[in-house]
Amino acid sequence: MSMLQINGLNVWFGKNQNRVDAVRQAKFTVAKGESFGLVGESGSGKSTVLRAITGLAPNWSGTMDIDGQSLTRTRPKSFFKTVQMVFQDPYASLHPRHSVDQVLGETLYLHGFSDIDARVVKLLDDVGLGQKFRFRYPHQLSGGQRQRVAIARALAPEPRLLLLDEPTSALDVSVQAEILNLLADLRADRGLTYLMVSHDLSVVGHMCDRLAVMNNGEIVEILDVDALRAMKASHPYSQHLLEASL
Ligand SMILES: Nc1ncnc2c1ncn2[C@@H]1O[C@H](COP(=O)(O)OP(=O)(O)O)[C@@H](O)[C@H]1O
Ligand SMILES: [Mg+2]
């Protein structure tokens, strides 16, 4: 059974003359353990797909199935035990007055864990930070360290599917590869499934098994990574995107 199955997904914002149809008739399937990329220019609807899955974009039609279970209007707490999201900007996604210990401890508490201390310690090790970062605040961390905290928070509930929205594009080039390597290792160690948005085809080529190319709210083509590396797309828009990335 697939981890994620999206079919006939439409997502829109606003109504009447202000309506924006951000995603139209999207269809793709992500297998368990697969890493699937969503690529396309800014505004093509990539983040909106992730937001619809997590319940942050309330106006949608079609079907979204997680591990064989159809999503309804609201996401129960149990949903976030399976699905977690990492956002582009770790500066914005961490509360400035919450220490790393609070961020991780509260998430663990919310998800009903009791061995919180031991889990905070383990999570910090798992993301390559270690104990010396435990009582720091976001402003005492670099961008890459903050993103490691955000990844640790996403891992805390022991999810199976991670939605990654441009997880390295707000970071310095020098730390992007470190974070991508961390994400690749975590997936291998835990058998995680990734749905990763990026506008950077080299990132997707490095991280993903297959990818969907989005243009103006629609998926125009689904490619495997070999076709991407060989620069062989069949849709003219995808081919244009490949050539533009050189
Ligand atoms: N909250 C919102 N309200 C209105 N329009 C939105 C909202 N979020 C996104 N959009 C619009 O939906 C389209 C897709 O946006 P987005 O999914 O963020 O694109 P991408 O992530 O590919 O850059 C864009 O036209 C954007 O302006
Ligand atoms: Mg986006």
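**Close-up 1. Composition of the shell around ligand 1.** The residues that make up the shell around ligand 1 divide into two nonpolar, six polar and two charged, as seen in this predicted model. The residues around the ligand are F13, A22, E41, S42, G43, S44, G45, K46, S47 and T48. Helix α1, which spans residues 46-54, supplies the largest share of this shell, namely three residues.

**Close-up 2. Polar contacts of ligand 1.** Both backbone and side-chain atoms of the protein approach oxygen atoms of the ligand: a polar backbone atom of S44 lies 3.1 Å from an oxygen atom of ligand 1, whereas for K46 an N or O atom of the side chain is found 2.8 Å from an oxygen atom of ligand 1. In T48, a polar side-chain atom is placed 2.5 Å from an oxygen atom of ligand 1. Taken on its own, ligand 1 has 560 Å² of accessible area, of which the protein covers 58%.

**Close-up 3. The two faces of strand β6.** In a regular strand the side chains alternate between the two faces of the sheet. In strand β6, formed by residues 83-86, V83 and M85 lie on one side and Q84 and V86 on the other, and both faces are covered, with these four residues all buried.

**Close-up 4. Pairing of strands β6 and β7.** Strand β6 runs parallel to strand β7, which comprises residues 161-165, and the two are joined by four bridges. Within this pairing, V86, one of the buried residues of β6, has L164 of β7 as its bridge partner.

How values were computed: Residues numbered from 1 in each chain as written. Chains lettered and ligands numbered in written order. Predicted model: local features only at pLDDT ≥ 70, side-chain atom pairs only at ≥ 80, totals over all residues. Heavy atoms only, no water. Buried < 20%, exposed > 50% of the residue type's maximum accessible area, 1.4 Å probe, protein only. Pairing = 2+ DSSP bridges. Near = heavy atom within 4 Å. Polar contact = N/O pair within 3.5 Å; in protein donor to acceptor, adjacent residues only side chain to side chain. Areas by Shrake-Rupley, 256 points an atom, 1.4 Å probe, with all protein chains shown as cover. Nonpolar A, V, L, I, M, F, W, Y, C, P; charged D, E, K, R; others polar.
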